[in-house]
Amino acid sequence: MLLGEQEQFLSYNGEVLIFQLSKTKHAEGAADKTMNLCVRRMAFNRDTKLFVQKSSGVFSMRASHLKIEIICCSCTTDSRTGIILPCILMKKKKRNNTVKYTLLLLHSSNQFEQSFHFKLDYELKEDIMLFTGPSVLWRHANKLFYISSDTCTVLSAPVQLSSVVWAGEIEDEGTVVLGIRTACLPENEDEDEFSTSDRAIWGSEFFGYAFETQKMLTGTCFMPHAYSRVVSSVCICKSEILKKQLRISLVAITHKNQLIWFQDGLPKGVCELPYEKPCSVKTAITSSNNLLFIVSFASGNVCVVQRRDSLQVASRWQKVKSVLVDDFIGSGSEQLLLLFKYDSNTDLLSTFKITDLGEVNYASGINYKHDVPAAEGLQENGLLTVQALETRLQAGCTSVQQLQQHLGLKKRVILESCRALIDLVEERTHVLPTAKELHLIYLNKTFFCKEGLVSLWDDVENPAPSLSKETSFASKVPEHFMEKLWQRVVGDNLIVGVKLTDSFYSSLSDVSLSLVVDRDFSMISPIIECRNKIIKLNKAFSALAVSSSQIEPPPKKRKLDLDNKKDLKNEFPKRCSGVQLDGEKTVIAVTSLAPLLAFHRVCCIVLLHVKKQKRRHDSLQESKKITVVCGKILLHLEDISNGKYSVKMLRDNSYCTGSMEDILAVLAVSVRFSFQIVSSDCTLTPVNSWLLGAMECTPFKECHDKIFCHKSGNAYGTVFKWTLKNPFEGVLTLFCRNLTVLFQCLHSLTRVLPPSCDVKLLRSGSKGVLAEQLSLALEKEMLTLRSSFFSKESKAEDSLTWGNEPGKKTSDAPVASLLDSEEGVQQFRKKLQNEREESMRSMNQTMNGALYQEIALKIAEAQLSSDMIVWRLS
C-alpha cells in the first residue's frame, strides 16, 4: 500500500475489505473532534458478476485537530490464537512534533481491537512492514526497529542496513528480515580472500536477520552479493531445511526492469519487464497449479509473469489502482483482482477484472445476463481442452525425464569403461563402483530412479581371465617398440605421430592410435574422436601415403569376431600400407584442436592399438590384439599461441627445410587427389615448369619426390608429386586442404597445358600398382581358404565323431569271395551299411564355435581386401 492514501484495499478469505477515513458530521458551528475508520466487506456474486456489500464496521477516534492517516494494512497472524486477522497501522500526528502509531486488529464481527500503540519523534517513511505477532517493522537512519504485541516496546536490531527487501517466516528460523548493507570484513576472514569476493567488488552484501534467535543468516543462500546494487524487492516462494541446509526459492525485481528467478542462491531465469520502475512483486497459484508472479509498477501498471520453460510476460494492464490475490469466486484456487482507477463520483468496485489467465475471466461492464450459458459453455470447453493439453505435456515431460536418465546412465557406463581401459593399459588395478555408489552419484546429478542403479560389473576381487590374459600378453611388448612421439598443430587440427621400430612394425597387421584425456580432467569425456593414417616416406625418392579420408566402397554384410568390438572399415588401408616395409613407419592420429583448447591446459594419453602376429608350429599366423601406452602429450594454450608446435616450412636455397614430422603433419591433414595427364601431340614439360615457376614449389630436403607450394594465398601449403612415366604421360598427385584449393590449382594448370591434353581423375594410384595389389590379395585369400580348411581338419579331431568305432575292423577280403557264401553276403551287407552310416555322419559333422568364428573372420578379412581393390580398379 502507498503511504498517505485515505482508502485502502485488502483481500481476506475471498472478500475485499475497503478501509476509509471519514469525519463525523456535527451540527452547524460545532467543533469536529471525531474521526471514523470505516470498513466494508465486499463479496463477489457469481450470479450478477458484481461485488456486493456483506457487512460493515466503524472504529471512532478522537481527532482534536490532529491529522490521522492510514499507513498500511495487511493480514498477519495473531500470536494469541494463531488466527490470521486483518491489521491496520494508523498514524496520529501531534502538535509537539511527536507521532503516535496505533495497530488495530479487525475481527470477523467487524469489531476493531487496539493491539498496541507507540510514540516516535519522527515519521515512518521507509520499509514499513507488518508481520506475525502482530509486529511492526521499519527502517530509519540505516537502522532496523521493530515492536510487537508481546513486548509493546520499540526494539532496535543490532544491524546496519541500507534497505529491506523482504520480511516473513522461514522454517526453523521464525521471523526473518532480508536486507542490504555495506559490505564489512569479518575478523575471521582473510583480506586476500575478501579482495576477490563479490562483496568487495560491489561494496554491498545481502544478509538475513532472525528476530527470535537473534542470529545472522548467510546472504548468499538467498542471492549472490553482486545483485545487491540492483534488487529492490523480493518475494520468497518456498523455503525448507534439507540435509541441515536452508534451501530457498525466490523471485526478485531490479532497478534494471528485470524479474529474476533464484534457486538456492543461484539465478535460474530472467525476464525483461514491460514497464519501468517496478515497486513490488507477489505470487498467485491458479487452478492449473501455475505459479504467477504479479509485478506492480510506480506508474500504476501491472504485469503477470508465468514460469513455464522460461520466465515470460503473460499479460499486462495499465491504470491499475490496486491488485489483490485471493479466491474471490470460491473455486478453491487463487485469482487476481484488478481494481482500476475510477472517477471520484463512481463506486469503488465499479471497474474491476477477475482472472487467473485461464478459464476464469470476469470483468465489470459486460452484460453476462444475456450470454451466461454461452460463456459458461466456452469456459467448460476451454477447461477440458487445457486439461487435455496439460496431460499430454506431463506425459511428454515424463518421457523426456526417462530419456535423460537413460542417457545419463549410458554416459556413466562409458566413462567408467574408459577409466577401466586406462587402468588396464597402465597395469593398474581398477576398482569398480558398487551399486550404492552409483546410486549416490546419480542423486547428486539429479538422476532419480525408484528402482536404484545396479552395478553392471561383477564385484569380485579377482580380475576376469580375459583381462589377465591381455595384461600378460601386453607385457611381452618389446621395451623399445617406439622411436619417437611427436605432435604438431596445423590450422584447427592436432596431429600426434608415433614412429615405430622396424623390428616391431614387421610383426604387426593392424595399427591405430587413440587419444584419451587424463583422469585429472573428469569434467569432459575421456575419449577423443580422431582419425588415423599410416604414412611411409622413403628418402630414396619413392613414397606411399594412404589417406583414411578417401571414399570407401558401399558397406557389405560381414561376420565379425565377437571379441573384437572394433569395426573393420579402416583395416584395408593400414594393411595396404604394410606392403612397403622400408622407410618411415609412422602412425598418425588427427583430431580437432578447438574443443581441447577450451580447457586451456589438457593432458592426453597416447594409446597404440596393434594386432601382433606370431607363427605357430603349423606355419599359420596367430593374431592377438594388444594396447600399449606410448606416452603423454600436454596441450597448453600459451605454447600453441607461441607457435611451439607449428609446422615450419622455410626455403633454403632450392629446398624446403621442413622436418620429417612437419612433412607428415601436412600430409596427414591434407586430402589426396591423383590425376593422370596424357598428351598425344607434345611433351609434358610445361607441368614441371608450372610447378617450379607459377606455383613457387621447392622439393623437401628430407623427401625429394614431393614438393611444397610457397605461393601466397589459398594454395600455400599444398604438396605436389609429379611422376613422369614417359614424355607424353604422367601422374600428378595433389595433397590439399580442401576442394577449393584443388579447383584453384587445376584452373591454374589448365592454362599452361596444351589443349589436346587429357586429364583424368584416378581413384587410387595407377592401374598397374592396383593390379599387382589385387593379385597379391587374391593369392592371400586363396591361401587363407586352404590353410583354414586344413586347420579345420586338424582341429576337428576332438570335435567330430564319425568313422569306424574303435576296436572294430572291417575285413578287406575281396568282394567276390564274400558273395560265395551266405555268411559272406551278411558280412558284405554289414560293411556296406557301416560305410553308408559313416558317409551320413561325415555330411552332418559339427565344429567348435570358437574355431568356426576364427575361420570366418580370417576369410572375411581376406575377401574385404580383394573386394576393395576390385572397387578401386572399376
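Buried, in this talk, means under 20% relative accessible area, exposed means over 50%, and partly exposed is in between, with a 1.4 Å probe and protein chains only. This is a predicted model, in which local features need pLDDT of at least 70, side-chain atom pairs count only at pLDDT 80 or more, and totals for chains, interfaces and linings use all residues. Residues are numbered from 1 along each chain as its sequence is written, and side-chain values use heavy atoms, with hydrogens and water left out.

I will begin with the whole chain. The protein chain has 874 residues, and 43% of them count as buried. Its secondary structure comes to 16 helices and 45 strands. Helices here are DSSP runs of H or I with at least four residues, strands are runs of E with at least two, and both are numbered from the N terminus. The accessible surface is about 48200 Å², and carbon and sulfur atoms hold 52% of that. Those areas come from the Shrake-Rupley method with a 1.4 Å probe; for residues, only the protein chains shown count as cover. A contact means heavy atoms within 4.5 Å. Of the contacts in the chain with a separation of 6 or more, 55% are between residues 24 or more positions apart.

Helix α12 covers residues 739-750, which is 12 residues. From first C-alpha to last, α12 reaches 16 Å, close to the 16 Å expected at 1.5 Å a residue. The expected span is 1.5 Å times one less than the number of residues. Which residues of α12 are buried? They are V741, L742, C745, L746, S748 and L749. These residues lie on the same side of α12 because they cover an arc of only 160° around the axis. The arc is taken from the directions from the helix axis to the C-beta atoms. On the face turned away from that buried side, α12 carries the exposed residues F743 and T750.

What covers the buried residues of α12? The cover includes strands β40 (671-678), β43 (719-726) and β44 (729-736), along with helix α11 (685-692). At the N-terminal end, N738 caps α12, with a side-chain oxygen 3.2 Å from the backbone nitrogen of T740. For reference, a polar contact is a pair of N or O atoms within 3.5 Å; within protein, one must be able to donate a hydrogen and the other to accept it, and residues adjacent in sequence count only if both atoms are side-chain atoms.

Now the charged pairs. Side chains of opposite charge can pair when their charged atoms come close. A salt bridge is a side-chain nitrogen of Lys or Arg within 4 Å of a carboxyl oxygen of Asp or Glu. By this rule the model has 20 salt bridges.

Two of them connect strand β29 and helix α10. In one, K484 and E661 have their closest N and O atoms 2.9 Å apart. K484 sits in strand β29 (residues 482-490) and E661 in helix α10 (residues 660-668), 177 residues apart, so the pair links distant parts of the chain. K484 is partly exposed, at 38% relative accessible area, whereas E661 counts as buried at 13%. Leaving aside neighbours within four places in sequence, E661 is in contact with K484, W486 and R488.

In the other, D662 and R488 meet at 2.7 Å, N to O. D662 is in helix α10 and R488 in strand β29, 174 residues apart. Are the two partners buried or exposed? D662 is buried, with a relative accessible area of 6%, and R488 is buried as well, with 17%. Elsewhere, salt bridges that share partners join K67, E69, K91, K93 and E123 into one network.

I will finish with two single residues. S315 lies in strand β24 (residues 311-317) and counts as buried at 19% relative accessibility. Apart from neighbours within four places in sequence, S315 is in contact with C303, V304 and L357.

L50 lies in strand β4 (residues 50-62) and is partly exposed, at 43% relative accessibility. With neighbours within four places set aside, L50 is in contact with A43, F44, N45 and F352. The C-alpha atoms of L50 and S364 are separated by 7.2 Å, with the two residues 314 apart along the chain.
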